[in-house]
Structure formats: C-alpha cells, structure tokens
Amino acid sequence: MVLTIVLLLIAAKLVMEFWLNRLNRHEVKAHADEIPDAFRDSIDAPTYRKAVDYTLARGRFEDFQMLYDTAILVLILSTFILPVIYRWFGSHLGPSAPAEAAFLFSLGILLAIPSLPVDWVNQFKLEQRFGFNTTTQKIWWLDRAKGLILALLIGYPLLILILKLVQWTGPLWWLWAWAVVLAFQLLMVVLAPILILPLFNKFTPLPEGSLRERLLRLGERTGFHSQTIQVMDGSKRSRHSNAFFTGFGRFRKIILFDTLINQLSDVELEAVLAHEIGHYKKKHIPKMLAASAIGLLIAFYVIAWIARQPWFYRAFGFEPGSIVPALLLFSLLSGVVTFWFGPLVNLISRKFEYQADAYAAETMREPNSLIHSLRQLNEKNLSNLTPHPLYSAFYYSHPTLLERESALRREGQALPSAVA
C-alpha cells in the first residue's frame, strides 16, 4: 500500500509537470507569429523567433528528461534493487559507518550515471544548436571527474560523520547532524570561492579602467565593500551570462561573467551590480540562509521519523534498524513533495527580486539602466518573454521581464529625479 501511494505521488508530479509544459508551449505558440507590443522596440523579429524556437525545443527536451528520470526512479523502487545492493554491501563490508557511507556514496554515483547521456545531449546538441555551447568534450568530462573527486574528498567524510553522530548521540542525532551540516554549509560559503570555484573556472581581477572605477564608486556609494572585483571565464562553457558575489566580510568578492561584460555597457553593468548589492542591503542572503537552515532541520527530523517506522522500511524491501535506508529514501522521494511548494518558494524569491530591483533604481536614480540591461540579458539568453503564469509560478524564481519592467517603471515614477 505504501509503495503504491508513493508511485501515485510520483505519477501525479509527472502529470503536473507535463501539463505545465504543455500550457507553457501553448502560450508561447500563441505569441510566436508576432512580437508582443511591450517588446517591439527591444528585440528584432529573427531573434524573437529564435527565442520562441529555443523555448519550444527546451520544453520538448524537458518532457523527455522528466519521463526518463521518472522511469528510472519507478524502476529502482518497484524492482527492490536498492535493498539487494544494501545487503550486498553489508555482507562484504560490514555495518560500520565508513561501509554504510560507502554504500550511499557508491549508489549516488550509480544513480547519476543514467543522467550523463541526457546532460551530454543537452549541452552538445540542444545548447549547441542555439549557439550557447562553448565547452569542449574534454572540459565537460573533466568537470564531472573533478566533481566526483570533490564529492569523495568532502562528501564522503561528511556522510561518515553523520552516521557516527547517530551512534554517538542517540535519539537526538538529527539535531546534531543538522548543526554539523549547517556549519559545513556556512563554512563552504567562505571556502568555496577560494578553494573550489577556481578548480572549474579562471578568475582574474577586473582590469583598470572606467568600468572598474564605476563599480568601485558604486560600492563606496552604497557601503558595499568588496575585497575584489573579479571576472570569471564563463565563456569557456556557455554564452549564458551572470553576476554574483560570494563570501562574507573581508572575504566578499564580486564576480562578473566575461560574457556579461561583453553583452552590457558600463552603466548597464553598474545597474546589474546595484541589483546584486540590493540583495545584500535588504538582507536577503541571511534570510535565505535562515530559510535553508529551517528546511534542513525539517528534513533531518523527517528522516529521523522515517527511520522509526518499520512499515515504511518494509514497503521498500528494507529491514528496520539502520538510518541509511531512511537517508536514501528521503533523498530519492523528497522532491515528490517539495515540488508542490515551488510556487510558495518562488513567490518569496520574486519578492526579493522586486526589492533588489527597486534598490537598484533608487541607487542609480533612474530605472532605465536596469531595464535596458534586463532586456539585453533576456535577448542574449533567448529567454521566454511570454511564459504561462502557472508555469512561471512553479519554475521562475525571478519575475518575468514584463513584470520587472512594470515594477521598475512604477518605482521610477516615485523617484524625484527619475527619467521614467
């Protein structure tokens, strides 16, 4: 009965995802032949047609990917292969924490293998077809090898520590595990930009010049002091662009993709950075970290609860007694539940984006610089300009371009010296 309910929930999620994709494609096709009035002065017909084609192609690919991933999940659950592998590890390696962590780590690798050909097709077929892919086979495979090595060096010891905490701390192990994982995540916020990101990308200081001076003045004007402004060679993998800042305190760094610098003017880059600073000034980062910590605490509590339910274990072919099956089943099935909370999470994220946009407009003393940069980025990234509202609610952590423009223009009208 439990397995049947879980399979029905998996099916419900898949049906909903297919329906949302269909709604979105229908909405895109309805606007495919004519550029919407709001964007006629910012995008030409060939680019708009290409953006439509990209959205439709990506939607079809996502349909296949969702069906493929769901089929694999249903297969491994319904064939009871997981408990067979678990018993094999136990009989050969014993019940020690390193052995059980090795089971989880090895199974994670095995479950990731089927996604490799799908990821490869996405990068070297779909993205390449629309001119976004700039990576090579060598870089693509090296990225995955580096990720595997990092997981072995960092993730595997963390798994062992969590399993040791179960032995050391008794029924409240989940509180200790939450504290350890939370501390680890906060530590990685500081260490990742220094030790991990440079393993994948090259970071160079932004050269002396008008752009650097403009961005430094913006930092001084807003009280956002950064250790450095660096350029990341994002173009070695894709023509998509981004900007972000990492670290805390004196370790804070502003990161600009080289593709972003090539796509925007100096004043537009200043507006984008003002938006990112807006997230910092509005304390969105600690708020999101706090929300993540609460979510992590709930996750560990649920895992601890599952581990005490023999009926749940036996439904999937496991025998009660170890925390490992609970960790495994939670990692496989949590998305079936959290998917339905997507609109709520995105609603909060969008609120933060509106606030950061408003801060940027106030800092720049006009909204047009950010509006122009958003239009440029949407055009260069072939973004969907006409998503279905329900699809957007489930999948868009940012407001649509039209929604952001409307909010920015209203914000501009409230500025004393705005050029709306």
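Leu382 lies in the loop that joins helix H15 (368–380) to helix H16 (389–395). The coordinates belong to a predicted model. Although Leu382 is not a glycine, its phi is positive, at about 50°. Is Leu382 buried or exposed? Its relative accessible area is 6%, and since buried means under 20%, Leu382 counts as buried because of that value.

Lys283 belongs to the loop between helix H10 (266–281) and helix H11 (284–307). With a relative accessible area of 53%, Lys283 is exposed, because the exposed class begins over 50%.

Which residues does Ser392 contact, leaving aside its neighbours within four places in sequence? They are Asn346, Arg350, Pro387 and Thr400.

Helix H14 covers residues 342–364, and Ala360 has its place there. At 0% relative accessibility, Ala360 counts as buried. Apart from neighbours within four places in sequence, Ala360 is in contact with Ala271, Ala274, His275 and Leu370. Ala360 can also be compared with Gly278 by position: 82 residues separate the two in sequence, while their C-alpha atoms are 6.4 Å apart in space.

Another alanine, Ala243, is part of strand E3, which covers residues 243–246. Its relative accessibility is 6%, so Ala243 counts as buried. Once residues up to four places away in sequence are left out, Ala243 touches Ile255, Leu256, Leu260, Val272 and Glu276. Ile261 is 18 residues from Ala243 along the chain, and the C-alpha atoms of this pair are separated by 9.6 Å.

The next stop is toward the start of the chain. Helix H1 takes in residues 2–30, and Leu7 lies in it. How accessible is Leu7? It has 25% relative accessibility and counts as partly exposed, because that class lies between the buried limit of 20% and the exposed limit of 50%. Thr70 is found in helix H2 (residues 45–78). Between Leu7 and Thr70 there are 63 residues of sequence separation, and the C-alpha to C-alpha distance is 9.9 Å. Thr70 is buried, with a relative accessible area of 14%. Not counting residues up to four places away in sequence, Thr70 touches Ile10 and Leu14.

From single residues, the text now turns to groups. The largest nonpolar core has 45 residues, and the members that touch the most others are Leu77, Trp173, Phe300 and Phe316. Which helix gives the most to this core? It is helix H13 (residues 324–338), with eight residues. Phe316 shows what such packing looks like around one side chain. If residues up to four places away in sequence are not counted, Phe316 touches Val2, Leu3, Val6, Leu77, Phe80, Pro83, Leu329 and Leu333. Apart from the core already described lies another, of 43 residues, and its members include Leu206, Phe257, Tyr359 and Ile371.

The whole chain comes last. There are 17 helices and four strands in the chain. Of its 420 residues, 46% count as buried.

The overall dimensions can be checked against a simple rule. A compact globule of 420 residues would have a radius of gyration near 22 Å, and the chain has 24 Å, which agrees. Along the principal axes, the C-alpha trace spans about 70 × 50 × 45 Å.

Note on methods. Residues are numbered from 1 along each chain as its sequence is written. This is a predicted model: local features need pLDDT of at least 70, side-chain atom pairs count only at pLDDT 80 or more; totals for chains, interfaces and linings use all residues. Side-chain values use heavy atoms; hydrogens and water are left out. A nonpolar core is a set of buried Ala, Val, Leu, Ile, Met, Phe, Trp, Tyr and Cys residues joined through side-chain atoms within 4.5 Å. Buried means under 20% relative accessible area, exposed over 50%, partly exposed in between (1.4 Å probe, protein chains only). Helices (H or I, at least four residues) and strands (E, at least two) are DSSP runs, numbered from the N terminus. Contact means heavy atoms within 4.5 Å. The radius of gyration is taken over C-alpha atoms; the globule rule is 2.2 Å times the number of residues to the power 0.38.
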